[in-house]
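Okay, thanks for having me, everyone.

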Amino acid sequence: MKKREIINKVRGKRAIDGAGVKLVRVLGNETIESYDPFLMLDSFDSTDPNDYTAGFPMHPHRGIETVTYLIDGRIDHKDSLGNSGVIGGGECQWMTAGSGIMHEEMPKSSEKMLGFQLWLNLPAKEKMCEPAYHALERDSIPKVSDNGAEVAVISGNYKDMQGFEPEHIKATILDVNLPKGQKFDLEMKGDTVFVFLISGDAVIGEERIAEKTAVLFGEGDFISVTAPEDGSSRFIYYCADTLKESVAWGGPIVMNTQDELREAFRELRNGTFIKTK
Ligand code: MN
């Protein structure tokens, strides 16, 4: 049993997106290869509704899946498939943009908004698949107590608990809560394994790592994370196999070639972008 060691840490940059939402872009253009197939990770953490209520009005996506998970807060959304609903605390939206979707994501004023949006790449042969939408409500996300940790299984399988089963990249995503001083080992097979410290610092190896850092691990069988003696630690765990395909990224659309990107923007201009009703 080999322990996975840290090979990269990234804290991201403050960014403004949508109609003026303040967020921290943790993963993005500069981390495409090292975090493959995870393209983007935006972190939301605010107690000031002015930071986020401008929201993300109607906009397109193609070639990716977006995974939005809230610990606190509320996001109203609707899309061109005719779906509409609310993502609340402890809930997740798994949206497959595939060949194309238009949607709006509007965070509503709340005491605290804490969560993330992840962009998961689609394999080349599945980029133009039919769009799909999954609302993972609070009760559909199983929770397991394991070695002193509370683990919510957002997707994949952990300790015989089955979360959402992705149809494309088979990503495992876990929300792990550690009480202070608690050590936690997590064993899993997969090419790309990283954690995002969403709340509280954590000790990994001999190193104390600050809240809101993404930590990428190298090859091995398991990771080991310990909450510091002076505070609990909550992190999101992500695991998937790499795609190793070329990436052509233009804002909300991520394809494999510049030609495909140009075609997508041409279709947006002439009104043929959406392939399904
Ligand atoms: Mn979006």
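Let's start with a helix. In H1, the buried residues are Leu 261, Ala 264 and Glu 267. Because they cover an arc of only 125 degrees around the axis, they sit on the same side of H1; that arc is taken from the directions running from the helix axis to the C-beta atoms. Asp 259 and Arg 269 are exposed, over on the other side of H1. By "buried" I mean under 20% relative accessible area, by "exposed" over 50%, and "partly exposed" is in between, using a 1.4 Å probe and the protein chains only.

Quick housekeeping. This is a predicted model, where local features need pLDDT of at least 70 and side-chain atom pairs count only at pLDDT 80 or more, while totals for chains, interfaces and linings use all residues. Residues are numbered from 1 along each chain as its sequence is written, and side-chain values use heavy atoms, with hydrogens and water left out.

Now the metal. Which protein atoms are the donors of the manganese ion? They are His 59 (NE2), His 61 (NE2), His 103 (NE2) and Glu 105 (OE), lying 2.1 to 2.3 Å from the ion. A donor here is an N, O or S atom within 2.8 Å of the metal (3.2 Å for Na, K and Ca), and since water is not among the atoms, sites may look incomplete. Along the sequence, the donor residues are spaced H-x1-H-x41-H-x1-E. His 59 is in strand S5 (residues 56–61) and His 103 is in strand S10 (residues 101–107), so this pair ties together parts that are 44 residues apart in sequence. His 59 counts as buried at 16% relative accessibility, and His 103 counts as buried at 3%.

Glu 105 also turns up in our next topic, the lining of the largest cavity, together with Phe 44, Phe 56, Thr 68, Ile 75, Pro 107 and Gln 117. How many cavities of 30 Å³ or more does the structure hold? It holds 1, and about 60 Å³ of space lies in the largest cavity. For the definition, picture a 1 Å grid over the protein atoms alone: a cavity is a set of points where a 1.4 Å probe fits but cannot get out, and lining residues have an atom within 4 Å of a point. The points are joined across faces, edges and corners, and the volume is the space filled by probe spheres set on them. By class, the lining has 4 nonpolar, 2 polar and 1 charged residues.

Next, some backbone details. The peptide bond from Asp 36 to Pro 37 is cis, with omega near 10 degrees, and Pro 37 lies in the loop between strand S3 (21–27) and strand S4 (38–46).

Then there's positive phi. Asn 147 isn't a glycine, yet its phi is positive, near 50 degrees. Look for Asn 147 in the loop between strand S13 (143–146) and strand S14 (149–155); at 53% relative accessibility, Asn 147 counts as exposed. Lys 159, also not a glycine, has a positive phi of about 50 degrees. Lys 159 is in the loop between strand S15 (157–158) and strand S16 (161–162), and at 47% Lys 159 counts as partly exposed.

Last stop: buried or exposed, what is Tyr 52? Tyr 52 is in the loop between S4 and S5, and Tyr 52 is buried, with a relative accessible area of 2%. Ala 97 is in a loop as well, between strand S9 (91–96) and S10, and at 0% relative accessibility Ala 97 counts as buried. Phe 164, in the loop between S16 and strand S17 (172–178), is buried too, with a relative accessible area of 13%.

That's my tour, thanks!

Notes:
1 Å grid on protein atoms, 1.4 Å probe; cavity = no way out; pocket = protein on both sides within 12 Å on 5 of 7 lines; lining within 4 Å. Nonpolar A, V, L, I, M, F, W, Y, C, P; charged D, E, K, R; others polar. Helix = DSSP H or I, 4+ residues; strand = E, 2+ residues; numbered from the N terminus.
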